[in-house]
Amino acid sequence: MTEIKRLSVLLEERLAEDFEAFCQENSHKKSTFVAHLIREFLRKEGYPKQTRLL
């Protein structure tokens, strides 16, 4: 089973409010959506550079 790590993010108040509203309006759980955004960003950036064997 994959170990889950906690990540804290500091946002300006307005950005946090906008993010909260977006997640509510689109039925996204904030933590799941942030994980999705990070995965997509890393994929688009080509990270990791090497293909993992497992």
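**Reading salt bridges and a helix contact**

A: Happy to. Keep in mind that this is a predicted model.

Q: Which residue does the side chain of Arg14 meet in a salt bridge?

A: The general idea goes like this: side chains of opposite charge can pair when their charged atoms come close. Here the partner of Arg14 is Asp18, with 3.1 Å from N to O. Asp18 is partly exposed, at 38% relative accessibility.

Q: How many residues apart are Arg14 and Asp18 in helix H1?

A: They're four apart in H1, which covers residues 13-25, so about one helical turn separates them.

Q: How many salt bridges does the count come to?

A: Four. As for accessibility, Arg43 is exposed at 54%, while Glu40 is partly exposed at 27%.

Q: And which helices do Lys30 and Glu20 lie in?

A: First the pair itself: the side chains of Lys30 and Glu20 form a salt bridge of 2.8 Å, N to O. Lys30 belongs to helix H2 (residues 30-44) and Glu20 to helix H1, so this pair ties together parts that are 10 residues apart in sequence. Both ends are partly exposed, Lys30 with a relative accessible area of 39% and Glu20 with 30%.

Q: Now for the packing. At roughly what angle do the axes of H1 and H2 cross?

A: In general, two packed helices are described by the angle between their axes and the distance between the axes. In this model, the axes of H1 and H2 cross at roughly 100 degrees and come within 10 Å. Angles from 65 to 115 degrees count as roughly perpendicular, so that is how H1 lies relative to H2.

Q: Which residues in H1 meet which residues in H2?

A: On the H1 side you'll find Phe19, Glu20, Phe22 and Cys23, and they meet Lys30, Phe33 and Val34 of H2.

Conventions:
Residues are numbered from 1 along each chain as its sequence is written. This is a predicted model: local features need pLDDT of at least 70, side-chain atom pairs count only at pLDDT 80 or more; totals for chains, interfaces and linings use all residues. Side-chain values use heavy atoms; hydrogens and water are left out. Helices (H or I, at least four residues) and strands (E, at least two) are DSSP runs, numbered from the N terminus. Buried means under 20% relative accessible area, exposed over 50%, partly exposed in between (1.4 Å probe, protein chains only). Axes are lines fitted to C-alpha atoms, for helices over the stretch in contact, and angles run from 0 to 180 degrees between N-to-C directions. Angles under 35 degrees count as roughly parallel, over 145 as roughly antiparallel, 65 to 115 as roughly perpendicular and the rest as oblique. Contact means heavy atoms within 4.5 Å.
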